[in-house]
Amino acid sequence: MANMHFGKLSDVWKHAALAEVLDRQPPQRYAETHAGSGAYPIVHDTERQFGVLRFLDVAAGSEVLARSRYRAAAASWLDGRGLYPGSALLAMTVLGDASSYLLCDLDPGSAADLRHWASELSIDDCEVAQSDGMAAVAAWLDRHAGKTGLAHIDPFDPDERGPSGWSAFELAARVADSGTALVYWYGYDEPGERAWAWSRLAAQTRAPLWCGDVMVTGTSRAPGDLGRATTPGTGFGVVLANVEPSTVSACTAVGDALADAYADVLLPDGSRGNLSFTTRQREA
Ligand SMILES: C[S@@+](CC[C@H](N)C(=O)[O-])C[C@H]1O[C@@H](n2cnc3c(N)ncnc32)[C@H](O)[C@@H]1O
C-alpha cells in the first residue's frame, strides 16, 4: 500500500522539513525505509485543501514559506502536472543525480512507480528494494555510516519488527548513534502523546537531536484520529539527528511560519482551530 495520506497537512510538515535538510546539507547517499510511491495524482478533498493546496496558497504571503525548498518543489509537480511528490521524488527533485538512493517499499506498485520516476529524472544510482526497509537500510548503514549519508524513516508502526529484527524506532536510534543524518517522522492522536518520539529517542541515543512538533488545536471535542482526519488533538512531528545548527534554525523558521499561516484556520471538520508548533533540542 502506498501512502494514502499523501498531501495532507502531516505530509506538508514532514516534507517541508525534509526538503529544508536536503537542500542545506545535500547527502551523497539518501536512504528511505518506507518510501511509498513516487508521485500521487492530487485529490481535491477537504484534507488536501487543508494540507498542500492551502499551504501553496498561504506560502505566497509568507516570506519564509515562499522561499522554502518544499514550496518550490511541491509547486513544480502540482502546477500543470497535478501530481503530489512523495518523499522519495521530493528527494530526487532536490538532490538530482548528484546523490545515490536506496528506496525501500514492500508494495509492488510503489516500487514500480519509484523505478519509473528515477528513470524519468535520469537518476543513475538508484536502487529500489521491494523488501523490508529496516533490513535494507540497516545493511546500507553498515556499508556507509557517517556524515555523507541521510536516512529517512517514516513508518506506519514504529515498533513493528521486520525480518532483520530491527523496528523502525530502533533503527532510528542506530542511525543517530552512527553519526549519519536522520529524518524520523511520527504522529499521534492525543495531546498527551505530544513529541513522544523526541522523548524516546533522546533516551536511546546521545546524538545531537532536534524535534519540530505540530499539533492541531481547536474547540471541537471529537476524539483525535490522525489516521483518518486532521482534528484537534492530533499532531505529528519530525526528529532530526546529526544536522547542522543552521539547518535546525531553518526548520524552526518554517515550522513557526506554518503555524502563523494557519492561525484561526477552518479545519477539515468545519470548526475553527490553530496549529501549535513547538521544538525540542539537544545540542552536540
Ligand atoms: C507512510 S507511507 C510512506 C510515505 C513516504 N515516506 C512519503 O513521505 O511520501 C508508508 C509506506 O511504507 C510501506 N511499508 C510498510 N511496511 C514496510 C516495510 N517493512 N518495509 C518497507 N516498506 C514498508 C507501505 O507500503 C507504504 O507505502
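**View 1. How E6 and E7 sit side by side.** Two strands count as paired if DSSP finds at least two bridges between them, and strands (E, at least two residues) and helices (H or I, at least four) are DSSP runs numbered from the N terminus. Strand E6 (residues 149-153) and E7 are joined by four bridges and run parallel. One spot to look for is Ile 153, which stands opposite Tyr 184 in E7.

Before moving on, remember that this is a predicted model: local features need pLDDT of at least 70, side-chain atom pairs count only at pLDDT 80 or more, and totals for chains, interfaces and linings use all residues. Residues are numbered from 1 along each chain as its sequence is written, and side-chain values use heavy atoms, with hydrogens and water left out.

**View 2. The whole sheet, strand by strand.** Nine strands make up an open sheet with mixed pairing, and their order is E5-E4-E1-E6-E7-E9-E8-E11-E10. E5 and strand E10 (265-266) are the edge strands, each with a single partner, so one side of each has no neighbour in the sheet.

**View 3. E9 and its two partners.** On one flank, E9 pairs with strand E7 (residues 181-188) in the antiparallel sense through seven bridges. Strand E8 (residues 209-218) also runs antiparallel to E9, again with seven bridges. Ala 241 of E9 is a handy landmark: its bridge partners include Leu 182 and Leu 209.

**View 4. E9 under cover.** Here "buried" means under 20% relative accessible area, "exposed" means over 50%, and "partly exposed" is in between (1.4 Å probe, protein chains only). Strand E9 (residues 235-241) has seven of its seven residues buried. Which residues cover the two sides of E9? Gly 235, Gly 237, Val 239 and Ala 241 are on one side, with Phe 236, Val 238 and Leu 240 on the other, and all of them are buried.

View 5. Ala 195 sits in the loop between E7 and helix H10 (196-204), and it is buried, with a relative accessible area of 1%. Look for Asn 242 in the loop between E9 and helix H11 (245-261); at 18% relative accessibility it counts as buried.

**View 6. Helix H6, mostly tucked away.** Eight of the nine residues of helix H6 (residues 87-95) are buried, so the rest of the structure largely encloses this helix. The buried set is Ser 87, Ala 88, Leu 89, Leu 90, Ala 91, Met 92, Val 94 and Leu 95.

View 7. A salt bridge is a side-chain nitrogen of Lys or Arg within 4 Å of a carboxyl oxygen of Asp or Glu, and the structure holds 11 of them. Asp 11 bridges to Lys 14, with the closest N and O atoms 2.9 Å apart. Both residues belong to helix H1 (residues 9-24), three residues apart, or about one turn of the helix. Is this pair buried or exposed? Asp 11 is buried, and Lys 14 is buried as well. Asp 11, Lys 14 and Asp 154 are linked in a salt-bridge network.

**View 8. Asp 23 reaches Arg 69****.** The closest N and O atoms of the Asp 23 and Arg 69 salt bridge are 3.7 Å apart. Asp 23 lies in helix H1 and Arg 69 in helix H5 (residues 69-78), so the pair ties together parts that are 46 residues apart in sequence. Asp 23 is partly exposed, at 38% relative accessible area, and Arg 69 is also partly exposed, at 21%.

**View 9. Asp 45 and Arg 48****.** This salt bridge has its closest N and O atoms 2.8 Å apart. Asp 45 counts as partly exposed, at 27% relative accessibility, whereas Arg 48 is buried, with a relative accessible area of 6%.

**View 10. An acidic patch.** Asp 97, Asp 124, Asp 125 and Glu 127 gather in a patch of negative charge on the surface. Charge patches join like charges within 9 Å, using residues with over 30% relative accessible area and no salt bridge; Asp and Glu count as negative, placed at CG of Asp or CD of Glu. Asp 124 lies in the loop between helix H7 (108-120) and strand E5 (126-129). At 68% relative accessibility, Asp 124 counts as exposed.

Technical notes: Patch = residues over 30% accessible without salt bridge, like charges linked within 9 Å, V, L, I, M, F, W, Y side chains within 5 Å. Areas by Shrake-Rupley, 256 points an atom, 1.4 Å probe, with all protein chains shown as cover.
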